[in-house]
Amino acid sequence: MATGAVLPGFQDTALACDRTVLLRTAPGHATRCAETAYAEEFTAAERRLAAQGTDPRARWEELERRNLGSAAPGEQGPAPYGRRAAGAGRGAGTAP
């Protein structure tokens, strides 16, 4: 965090976090996240998609899109090999 690769709102959430949850998008695909309103919204969406009988591939795509859209605003630093990370410099975004 000292390098500034993670924006302040995300840093504050990470430092204040005393509990994390796993956001599962598909079997074998999970992202660890601070227990926040975002995690609750993600879990609600996951349950809604399952209850609606959404095709597993479509469910995975929707949940992955949620995760990628949420994480990108928190990135700021360079990606491997000097490329800028997706979402670089877009602002603080919403803390995870």
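**Entry 1**

I started with Arg19, which is partly exposed, with a relative accessible area of 47%. Before going on, I noted that this is a predicted model. Next I looked up Glu35, and it counts as partly exposed too, at 44% relative accessibility.

What do the side chains of Arg19 and Glu35 do? They meet in a salt bridge, with 3.0 Å from N to O. I then checked where the two residues sit: Arg19 is in the loop between helix H1 (8-16) and E1, while Glu35 is in the loop between E2 and helix H2 (37-51). They are 16 residues apart, and the pair links distant parts of the chain.

**Entry 1: the overall layout**

I stepped back to get my bearings. I counted three helices and two strands in the chain. Reading along the sequence, I wrote the pattern down as α-β-β-α-α.

How much of the chain is buried? Of its 96 residues, 29% count as buried. I also looked up the surface: the chain exposes about 6300 Å², and carbon and sulfur atoms supply 54% of that.

Then I turned to contacts between residues at least 6 apart in sequence. Among these, 41% join residues at least 24 apart.

**Entry 2: the two strands**

In which sense do E1 and E2 pair? I found strand E1 (residues 20-26) and strand E2 (residues 29-34) paired in the antiparallel sense, over six bridges.

**Entry 3: the cysteines**

A search of the whole structure finds zero. Cys17 is in none, and its nearest cysteine sulfur, the one in Cys33, is 8.2 Å away.

I placed Cys17 in the loop between H1 and E1. The C-alpha atoms of Cys17 and Glu35 are separated by 7.4 Å, although the two residues are 18 apart along the chain.

How many aromatic pairs does the structure hold? I found one. The rings belong to Tyr38 and Phe42, with their centres 6.3 Å apart and their planes at 50°, so the pair is tilted. Planes have to be under 30 degrees apart to count as stacked and over 60 to count as edge-to-face, so 50° falls in the tilted class.

Both Tyr38 and Phe42 lie in helix H2, four residues apart, which is about one turn of the helix. I checked their cover as well: Tyr38 is buried, and so is Phe42.

Going back to salt bridges, I noted that the structure holds four of them.

In Arg57 and Glu61 I found another, with the side chains 3.0 Å apart from N to O. These two are four residues apart in helix H3 (residues 56-71), so about one helical turn separates them. Arg57 counts as exposed at 52% relative accessibility, and Glu61 as partly exposed at 32%.

Further along, Arg65 forms a salt bridge with Glu62, and the closest N and O atoms are 3.5 Å apart. Arg65 counts as exposed, at 53%, while Glu62 is partly exposed, at 23%. Both lie in H3, three residues apart, again about one turn of the helix. Salt bridges that share partners join Glu62, Arg65 and Arg66 into one network.

Technical notes:
Residues numbered from 1 in each chain as written. Predicted model: local features only at pLDDT ≥ 70, side-chain atom pairs only at ≥ 80, totals over all residues. Heavy atoms only, no water. Pairing = 2+ DSSP bridges. Salt bridge = Lys/Arg side-chain N within 4 Å of Asp/Glu carboxyl O. Buried < 20%, exposed > 50% of the residue type's maximum accessible area, 1.4 Å probe, protein only. Contact = heavy atoms within 4.5 Å. Areas by Shrake-Rupley, 256 points an atom, 1.4 Å probe, with all protein chains shown as cover. Phe/Tyr/Trp six-rings, centres within 6.5 Å; stacked < 30°, edge-to-face > 60°. Disulfide = S-S within 2.5 Å.
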